[in-house]
Amino acid sequence: MALSGIFLVLFLALHFTINFTSVISPETFNELSHFMGYNVIVQFIMQPILIAGVVIHFVMGFVLEIQNNRARGVKYVQYKGGANAPWVSRNMIISGAVILAFLGLHFYDFWVHEMAYKYVEANPEDPTRYYAETVEKFAPFWRTAIYVVSFGLLSLHLWHGFASSFQTMGVNNKYTPSIVNFTKIYAVAIPLGFAFIAIYHHFNPIIH
Amino acid sequence: MKIYLKIWRQKDATSKGKMVDYTLDGIEGDMSFLEMLDILNEELISKGEEPVEFDHDCREGICGTCSLQINGRPHGPDTRITACQLHMRSFKDGDTITIEPFRAKAFPVVKDLIIDRSAFDRIQQAGGYISVNTSGNTVDANAIPIEKEKADLSFNAATCIGCGACVAACKNASAMLFTSAKVSQFALLPQGRVEAADRVMNMVRQMDLEGFGNCTNTGACEVECPKGISLENIARMNREYLSASVRG
């Protein structure tokens, strides 16, 4: 759980870096997207590893949740969980489930579209199409709103999950306060950045 | 002061329990929480009713026997104390106090507020010991030099009284804090290194067999532990477990 979580955290940083170029340089974004979409190593080694990481993370999350629910057969009549642990740490299954639902939409929006473009419709390579497709995707308000709300839940998930992964892997030492502080910065900055990109492209036709 | 009680009553391990309401008058702030329950039981006995069964022994926070979930928290609203160290001054006149047993599949209710915590005993039996040569040439433990920092950490872990508040507080009913304290108190000392790998593997295996939940690092156990056992122990146990697993 912790290892797959750390892996996904690292992937998020890469994903954000590439996405952010769409705000500052459409040409760079097109180049990077084309590279990621057609590079053999990325497509046939890194992409399956990424999908495996996502599947392992959420399957383990649900299995742990079921086991943990069984560990307390009779529930408390009164239970003040908020008195000793923050909401985010007690409800990772909720934030995780929302992120999983979001991933379904995200895969449908971009990954399924990409697979259909390349392998079903067998269209020729077009290194200039990615920026326009992204802007078009975020034109509907409902899609942008779903993305922004999901990024909010991603922030909550990261807020607990990132530093927690280190504890699970046995890291609790003088560096722990720094890890916790970095977690807080990362958990806010990355989802906020993703939300900014979605909102930016929603208003992109007006801006330009 | 007058207080209203909602107490879990359960005839035996197989019966279905329920919350029962009681009202107590004349309670003083200087009374301990368990004295308040003694008074309730005296009233119940004088009325010919079955008294409320609850665990207690030393009544000074040492033995870890009193295991009460009070108003939704293990050992009540105060921190770093057991239920027997809780005083009625922590409550106000007219308060309603909910009292339940610690809840976990591995801590089945025996009767009313008494639970069976022998799962903890079995975890300790699985590895919570060191082997000492008793053939006549036993080395005095005080003759073995130990770093002050490690000795202190080991002693802090050893202050765990096994009350079960960590399990009761955890949303997953996980026993990781208890088990890690028992692993740490030996793993930090040279005498405990000899069997360190077997110890952590056996104790974690037993913990899982007992049906405790998994740790998701909410930190509730550390907050509610009357002895302040640190989450560092869980990280240490995870390191020990990883190391033992890799070495086979």
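This is a predicted model: local features need pLDDT of at least 70, side-chain atom pairs count only at pLDDT 80 or more; totals for chains, interfaces and linings use all residues.
1. Residues are numbered from 1 along each chain as its sequence is written, and chains are lettered from A and ligands numbered from 1 in the order in which they are written. Local features need pLDDT of at least 70, side-chain atom pairs count only at pLDDT 80 or more, and totals for chains, interfaces and linings use all residues.

2. Chain A has 9 helices and 0 strands (DSSP runs numbered from the N terminus: helices H or I, at least four residues; strands E, at least two). Its C-alpha atoms fill a box of roughly 60 × 35 × 35 Å along the principal axes.

3. Of the 208 residues of chain A, 24% are buried (20 or more other C-beta atoms within 10 Å of the residue's own, with C-beta atoms placed from the backbone).

4. The axes of H5(A), residues 92–120, and H7(A) come within 9 Å and cross at roughly 140 degrees (lines fitted to C-alpha atoms over the stretch in contact, with angles from 0 to 180 degrees between N-to-C directions).

5. The contact between the chains takes 28 residues from chain A and 32 residues from chain B (contact: C-beta atoms, placed from the backbone, within 7 Å). On the chain A side, H3(A) gives the largest share, 4 residues.

Technical notes
Two residues are in contact if their C-beta atoms, placed from the backbone, lie within 7 Å. A residue is buried if 20 or more other C-beta atoms lie within 10 Å of its own, exposed if 12 or fewer, and partly exposed in between; C-beta atoms are placed from the backbone.
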